[in-house]
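Reader: Could you walk me through this model, starting with the fold and then moving on to the packing?
Author: Gladly; here it is.

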Amino acid sequence: MHQNCEMNEKVIITKIQQGSREALGMLWKSHSSKVLNLAFRMLKNRNEAEDTLMDIFVSVPGKIQSFRGESALGTWLFRLTVNECLMKLRTKKRHAELEDGHIDTLVNSAIGSKHEEQLDYDPELLEFGLSKLPAETRSMLWLKDAEDLSVKDLSEIYNMPEGTIKARLSRARTQVRCYLQENQNYA
Amino acid sequence: MRNQIDFSKLERLQPKESSWDMVCARLDSSKKNKVLNFFQARSMYALAASFLVVAFIAAWVTFNKLDSETLLIKNVASDELVSWYNDLGETSDDELENLDTYRSISYLLQETK
């Protein structure tokens, strides 16, 4: 099954490189929702996320010409999405969104490194908690915990060592849990 | 995994139905733009080529004009005069005397009539 998927993916890549609209349509069907959700998590705006999704798929036929197939097509698409969103955020000068330094200070005052039992959090509160993270970390956490990507994939997407990814994920989870606990107590 | 945060309850967005059509429309228009850019990039060459063509035509017309002037002389003048005119400078003797003699004889013949 996995081999079959890989083969299909190679066929899709080749066909898109040859300019097949049908193959691009197949890619759209299988990955557009994931790309949209990732963009939405990063940009926090539905319309901007939709625009980003379209921008990415318009650029795919051109950019796929240099795609060497070293990573999965989905991973490659996620990398395009992350880069596109970061570029848009930079253009908008939302630098605060991109700065990651303040997480550590928050984490130090949080519930500690011990992992909590999975609690049944309010989705809206979780959305807020997630939005407190910087865009890049937010997307990282989303891809790991919602899209179930491996640390290796994330390392390829963000061009960072796996250790750095793990550390960031750990800090991000702690921060989100901290936010959820604090606000659930108030609710 | 227990360590992970459960995002399953968060809303999963689906792309708008019109989005794919918009992607196709943008891809089509970018193809057209590529064709336009192809021509725009070559417009300078086309302009230079057209200048060359105009210059060539102008030179050709000028040359033909000179040639047609020669033809006019040929039409107006007698064969002998044209032959003499063409041979001018070719020999040391330009046969000016012969021409004068011919003209003198012609004049005398006309006078005697």
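Author: Chain A has ten helices and zero strands, where helices (H or I, at least four residues) and strands (E, at least two) are DSSP runs numbered from the N terminus. This is a predicted model, in which local features need pLDDT of at least 70 and side-chain atom pairs count only at pLDDT 80 or more, while totals for chains, interfaces and linings use all residues. Residues are numbered from 1 along each chain as its sequence is written, and chains are lettered from A and ligands numbered from 1 in the order in which they are written.

Reader: What share of chain A is buried?
Author: Of its 187 residues, 37% are buried, meaning that 20 or more other C-beta atoms, placed from the backbone, lie within 10 Å of the residue's own.

Reader: And how do H2(A) and H8(A) cross?
Author: The axes of H2 (residues 21–43) and H8 (residues 135–145) of chain A come within 8 Å and cross at roughly 145°, with axes being lines fitted to C-alpha atoms over the stretch in contact and angles running from 0 to 180 degrees between N-to-C directions.

Reader: Which residues make that contact?
Author: Leu38(A), Arg41(A) and Met42(A) of H2(A) meet Ala135(A), Arg138(A), Ser139(A), Trp142(A) and Leu143(A) of H8(A), a contact being two C-beta atoms, placed from the backbone, within 7 Å.

Reader: Switching topic, how many residues of chain B touch chain A?
Author: On chain B, 20 residues are in contact with 25 residues of chain A.

Methods
Buried ≥ 20, exposed ≤ 12 C-beta atoms within 10 Å, placed from the backbone.
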